Amino acid sequence: MKAIFNNIVIAQSEHPVVIEGNYYFPLESVNSDYLSETSHRSTCPWKGEASYYTIKVNDEVSENAAWFYKNPKDAAKEIKNHVAFWKNVSVKE
């Protein structure tokens, strides 16, 4: 699977974790040059607190378009060190 923003592959993995229809890419498969962590947070009752990244590729920016769980709850421990995408990011094979 690939995560693509502004025609650039920002993540690619043969083995993303799929939860609730979202593909979580292993951190080592994500090009962090395009990401900057934001102060935005949200909470999932069973996964825990999510942190967010803004994605910037060339002059195109998508605020809070990637999220991750620094310390997921036990029920979601498989997505620790994984990143998921939305907001103008295409995830496809």
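Predicted model: local features only at pLDDT ≥ 70, side-chain atom pairs only at ≥ 80, totals over all residues.
Biologist: Where in the structure is His82 placed?

Modeller: His82 belongs to strand β8, which covers residues 82-85.

Biologist: Is His82 buried or exposed?

Modeller: Buried means under 20% relative accessible area. His82 has a relative accessibility of 12%, so His82 counts as buried.

Biologist: Which residues is His82 in contact with, leaving aside its neighbours within four places in sequence?

Modeller: The residues in contact are Val17, Tyr24, Phe25, Pro26, Leu27, Trp67 and Phe68.

Biologist: How is a pair of aromatic rings described?

Modeller: Two quantities are used, the distance of the centres and the angle of the planes. In this model the count comes to four aromatic pairs. For Tyr24 and Trp67, the ring centres are 6.0 Å apart and the planes stand at 85°, so this pair is edge-to-face.

Biologist: Which parts does the pair of Tyr24 and Trp67 tie together?

Modeller: Tyr24 lies in strand β4 (residues 22-26) and Trp67 in strand β7 (residues 60-68), so the pair ties together parts that are 43 residues apart in sequence. Tyr24 is buried, with a relative accessible area of 0%, and Trp67 is buried at 8%.

Biologist: What is the arrangement of the aromatic pair of Tyr53 and Phe68?

Modeller: That pair is stacked, with 4.6 Å from centre to centre and 20° between the planes. Tyr53 lies in strand β6 (residues 48-57) and Phe68 in strand β7, so parts 15 residues apart in sequence are tied together. Both Tyr53 and Phe68 are buried.

Biologist: Which residues form one aromatic cluster?

Modeller: The cluster is formed by Tyr24, Trp67 and Trp86.

Key
Residues numbered from 1 in each chain as written. Heavy atoms only, no water. Helix = DSSP H or I, 4+ residues; strand = E, 2+ residues; numbered from the N terminus. Buried < 20%, exposed > 50% of the residue type's maximum accessible area, 1.4 Å probe, protein only. Contact = heavy atoms within 4.5 Å. Phe/Tyr/Trp six-rings, centres within 6.5 Å; stacked < 30°, edge-to-face > 60°.
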